[in-house]
Amino acid sequence: MHLAPSSRFHATLLAASLVLATAAAAGPAVAAPTPVPAAGSAAKTAPDARAALMELDARFSDEVGAKGFAAFDGFFAEDAVYLPTFEPRVEGKKAIMESFRPLFDDHTIKLTWKPLRADVAASGDLGWTTGSYEMTRVDETGAPHVRRGKYVTIWRRQADGSWKAVLDGGNPDTPPPAPAPAPAPAAQRP
Amino acid sequence: MRPFLPALPPLVVLAALVAACGGSSQRAAREELLAADERFAAEVADKGVSVFERYYAEDAVEMPSFQPLIEGKSAILEFYRPYGNNPSFKLTWKPAHAEVSKEGDLGFTYGHYQATTVDEHGTPVTRVGKYVTIWRREYDGGWKVILDGGSPDQREAPPAAPGG
């Protein structure tokens, strides 16, 4: 992974910066270290920054499972954008949360995801995670129908050290299921 | 951190100055990345998706809709080869926004694409959608794509009934 040249000056800081990065990974609200050491130490602790983002993304999925779309409030930046399949781009946290409301109001649907890969800029202020999601719908007979797909989330580090999602998007891994034949002809009109 | 860095104060000052000037240089970096994405789109509009070969990093990932994730430049170029061989396939896009990290090594753009082709009856088909591209700046200063993905903005109309 590309390391910024400035990281070489901080070669002796590895132990100290690992301690800081571990502390930051423990929770989202840890205050950022003073700006200059953080810039260099973030580059040196790239694997730790990546692990911290993966952990955050996994925790995001857990919290959404527990609290529904209300959990988005804590994870999305105000100016975030969302790129859903079969819908136009959604702009702003408020609009994003509104667009997810029907999904979470429908208690037959469950959405979870798992990060598989992360990367962070040398300056530690921008990163991304990508992984797999699963959307499971339980039908009237209780049978689960699962749709899998992939997603990417881009994260920006805030002044208080926490990460917030500034872009989220994904799409399914397989073509959409063919529409079921409708009982009434009118329902089949494009 | 400071107690560990007795020899570093000059760098602290320098980096603080760079950070303070960050506003305009960040704006310039965003403009530069937007221009790179626009240039990429212009070259593809002109020469087709074979241009991807010059823009994708070796470890790039592609997230095409309705297909599994594709990992690695070779596999991605292989995926796009049939589109490149189809003379009626045209792909264009336009970035709406770019962001770049403070040290300028990572950035992303997002915007809209338009893909046109002809179906098996010779009827032109147009799909419009949104995309995001994540970029890494290489040592030579050029930007390379490390992640690209998109999705259509709406469902396709169901196919017309045969003979209809």
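A: Two residues are in contact when their C-beta atoms, placed from the backbone, lie within 7 Å. In chain B, 48% of the contacts with a separation of 6 or more are made by residues 24 or more positions apart. This is a predicted model, in which local features need pLDDT of at least 70 and side-chain atom pairs count only at pLDDT 80 or more, while totals for chains, interfaces and linings use all residues. Residues are numbered from 1 along each chain as its sequence is written, chains are lettered from A, and ligands are numbered from 1, both in the order in which they are written. For chain B, pLDDT (the predictor's confidence in each residue, from 0 to 100) averages 88, and 82% of the residues score at least 70. The model scores ipTM 0.84 and pTM 0.79.

Chain B has four helices and six strands, where helices (H or I, at least four residues) and strands (E, at least two) are DSSP runs numbered from the N terminus. Read from that end, its elements follow the pattern α-α-α-β-β-α-β-β-β-β.

What lies beside the helix? The six strands of chain B form an open sheet with mixed pairing, in the order β2-β1-β6-β5-β4-β3, two strands being paired if DSSP finds at least two bridges between them. Strands β2 (70–71) and β3 (90–100) of chain B stand at its edges, each having a single partner strand, so one side of each is left without a neighbour in the sheet. Strand β1 of chain B (residues 56–63) is in turn joined to strand β6 of chain B (residues 143–152) by four bridges, in the parallel sense, and M63(B) has G149(B) as its bridge partner in β6(B).

With 1.5 Å a residue, the 13 residues of α4(B) should span 18 Å, and the end C-alpha atoms are 18 Å apart, which agrees; the expected span is 1.5 Å times one less than the number of residues. Even so, α4(B) bends by about 35° at F79(B), and a proline, P82(B), follows within four residues. The bend at a residue is the angle between axes fitted to the seven residues ending there and the seven starting there.

Which residues of α4(B) are buried? They are K73(B), I76(B) and Y80(B), where a residue is buried if 20 or more other C-beta atoms lie within 10 Å of its own, exposed if 12 or fewer, and partly exposed in between. The buried residues of this helix pack against α3 (52–55), β1 and β2 of chain B. Helix α3 of chain B holds E53(B), which is partly exposed, with 13 other C-beta atoms within 10 Å. Although E53(B) and K73(B) are 20 residues apart in sequence, their C-alpha atoms are 7.7 Å apart in space. Over the whole of chain B, 34% of the 164 residues count as buried.

Strand β1(A) runs parallel to β6(A), to which four bridges join it, and is paired with β2(A) in the antiparallel sense over two bridges. Residue Y82(A) has D168(A) as its bridge partner in β6(A) and V90(A) as its bridge partner in β2(A). Between β1(A) and β2(A), the hairpin has six residues, and F86(A) takes a positive phi near 70° in it. Of the 190 residues of chain A, 37% count as buried.
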